[in-house]
Amino acid sequence: MVTVKDGGAYYLGDGTFVQDDQEAGAKLALRGIKVTREEARNRTMAWQILSAHNKGTDPENLNIRFDALTSHDITYVGIIQTCRASGLQKFPMPYVLTNCHNSLCAVGGTINEDDHMFGLTAAKRYGGVYVPPHLAVIHQYAREMLAESGKMILGSDSHTRYGALGTMAMGEGGPELVKQLLNQTYDIKRPKVIAVNLTGAPKRGVGPHDVNIALIGAVFASGFVKNKVLEFVGPGIKNLSEDFRIGIDVMTTETTCLSSIWETDEKTKEWYAIHGREGAYKELHPGQAAYYDGVVDIDLSTVEPMIAMPFHPSMAYTIDFVNHNLADVLHGVEERAKVSFGDEVECHLQDKIRDGKFYVDQGIIAGCAGGGFENICEAAGILDGEDCGNGRFSLSVYPASQPIYMELLKNGVAEKLMDAGAILKTAFCGPCFGAGDTPANNAFSIRHSTRNFPNREGSKPQKGQISYVALMDARSIAATAANQGILTPATDIDKDIPAYHYHFDSRIYEKRVFDSHGAADPEEQVQFGPNIRDWPEMQPLPENMILKITAEIHDPVTTTDELIPSGETSSYRSNPEGLSEFALSRKAPDYVGLSKEVREGERAIVEGRCAGEAVPELKEVMKTVHTKFPEVSHENLGVGSAIFAVKPGDGSAREQAASCQKVLGGWANFANEYATKRYRSNLINWGMLPFVIPAGDLPFAKLDYVFFPGIRKAVETKQETITGYTVKNGALTPFTVTLGDLTDEEREIILDGCLINYNRRSLAD
């Protein structure tokens, strides 16, 4: 299905590549092509767009300004509050504030709607766009109203991907949007570009999520596309509808790539025309003999209905394989659950096998991945005249926007779904992150949504709860529903599915969306709810630093959801202190208490006292430090906490994964590597040191103290390696770490203590 080819290659069009080897020049010359590798690098679509948005002069170190920004109601309050603290007067570019994550107001009283009113009044004051709850999920609105071929969009949600429409889009933590709103730049090294060569055509019953799962399964574990741009080319593109392309594109986030871009054609042009934005279309293709740093071949005709078993989108199997190996596959899931949860929960999936068949409990088709028009119509075609049953299995469908919902009502698709027993709900991202449709304990849910990380669906292991989410395409979910919960691939369904033509009604948005058209109203007062709090004061990086290791995680990958849980905890997203109480609660329940204890040492220093007065165990630590570094005192020392994780930060762009650590007194992460650029960027923007420590014997353990003499000087002078000391049993044991590549601005942010401090100083200067 998917073949990965490492090493460079030149693209000749129509799915043909020439490998970059000693004979490459001769092979190209035979076709009348004479080009250097550097010239060919500049012929990718990705570089055409990146170079047009680069405000710097160095083609290898980019300073990007985006054309538009998007945020939702988990992230925009913190972003705007940070900007306000830095002197924001007006949004300098289109900025869309959607309300699709905390649309329900059952948790936290008035908190959610208070934040929505904050968003509306902020959009009026600073000149933005406000999309009310239940009207559209963030990415569908951006596709319908914001995307343009050749443009770039930055969003504070990791699935910000509009490449199938010719828009290079990236999902980052909130501080990167703050920089754009304050007329700063997104600074990255020029990314490598990987060609995704599509050939063939998908068979009936195969949908975009099947292609996604096969792709993620092929590239995630190796990190082959990590922080690179995926460029979709090849003759197979013409065999895909625009909705199908969008469905593949949104899930490229789960490969850990930086962004994506596709060739555009008449189908793209038609999609824009349907949405009344013909002028947003531009034909995009790579230039002759464009050079790629690797190639992923996908023969669409060989893709089978897939399932990503718990607890990651990369746990890819064909549904047929699972059905023929049920006991072994489900045992593997149970073993992975033990790795994540230990003995906290009882996990037993074998009892879901009855008469050799796997009975699942719930189906969900939702959000930016599953809630598209075509996915839902295909599911309805499979369910037409069928019955989901009145037993344990349930099916919920969430159209991605109100215009899609309206069309489903007009063309009769909604009736077919409801007649089969499905429940239609409004545009809402809740099922994707644990704020809606949480299954029962030990239930198994199949979902056309974006992620299936441990407990992301809302269960709580600390309360003995566990449920399981597997990712599947809407078509096979519908086939399973038609089979009343028995896991079934859509290719087993022999039905002629009608094709529906989509009609977009823009009046739905015109009647409800507030669009300032870029005009700010300084007379508008931003409305604050009682939960909205300013960021606490944060100190600049000290000359020397003592850190207590307050969490130690040895899972192969630690997700953002494990660093700061999603679901109802996000109701406190606008209250930094309140939200921080939930940090690492599912992985290290004692982390918050331990970190707050050592934080008192830093607070004592800020007040001009010795840290040992507030944290007695620091007295012995300082006594040991003074045996080698007698000059260290409360006048040149910082005290805080740090965590170790093997590979933290996979998944969401939510900055709270880092900011909660900072609020609790965190100064650093130690990691063998960082799962995503966005998490590492969040650490930096909150003034935390992203230490990298070689894999192997860890020189410290949880509850140990480590000491870094001259840490400020090390950052200032760009030291390649930094020496720290484990402080234990009256001895100092040295070890070395690195900080990886840091731009000059990133170093300044760390030195200032956080992006807020950096911006305040910049304005003062």
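The paragraphs below take the nonpolar cores and then the pockets.

This is a predicted model, in which local features need pLDDT of at least 70, side-chain atom pairs count only at pLDDT 80 or more, and totals for chains, interfaces and linings use all residues. Residues are numbered from 1 along each chain as its sequence is written, and side-chain values use heavy atoms, with hydrogens and water left out.

Start with the largest nonpolar core, which has 118 residues. A nonpolar core is a set of buried Ala, Val, Leu, Ile, Met, Phe, Trp, Tyr and Cys residues joined through side-chain atoms within 4.5 Å, where buried means under 20% relative accessible area with a 1.4 Å probe, protein chains only. Among the members that touch the most others are Leu-198, Ile-298 and Phe-444. Helix 14 (residues 373–383) gives the most to this core, with 7 residues; helices here are DSSP runs of H or I, at least four residues, numbered from the N terminus. A second, separate core holds 53 residues, including Leu-62 and Tyr-76.

Now look for open space. A pocket, on a 1 Å grid over the protein atoms alone, is an open set of points where a 1.4 Å probe fits, with protein on both sides within 12 Å along at least five of seven lines; its lining residues have an atom within 4 Å of a point. The largest pocket is lined by 37 residues, and Lys-189, Asn-227, Lys-677, Arg-680 and Asp-741 lie nearest its centre. For the second largest pocket, 38 residues form the lining, with Ser-241, Asp-243, Phe-373, Glu-374 and Tyr-500 closest to the centre. Helix 14 returns here, as one of the helices that each supply at least two residues of that lining.

Terms used:
Buried < 20%, exposed > 50% of the residue type's maximum accessible area, 1.4 Å probe, protein only.
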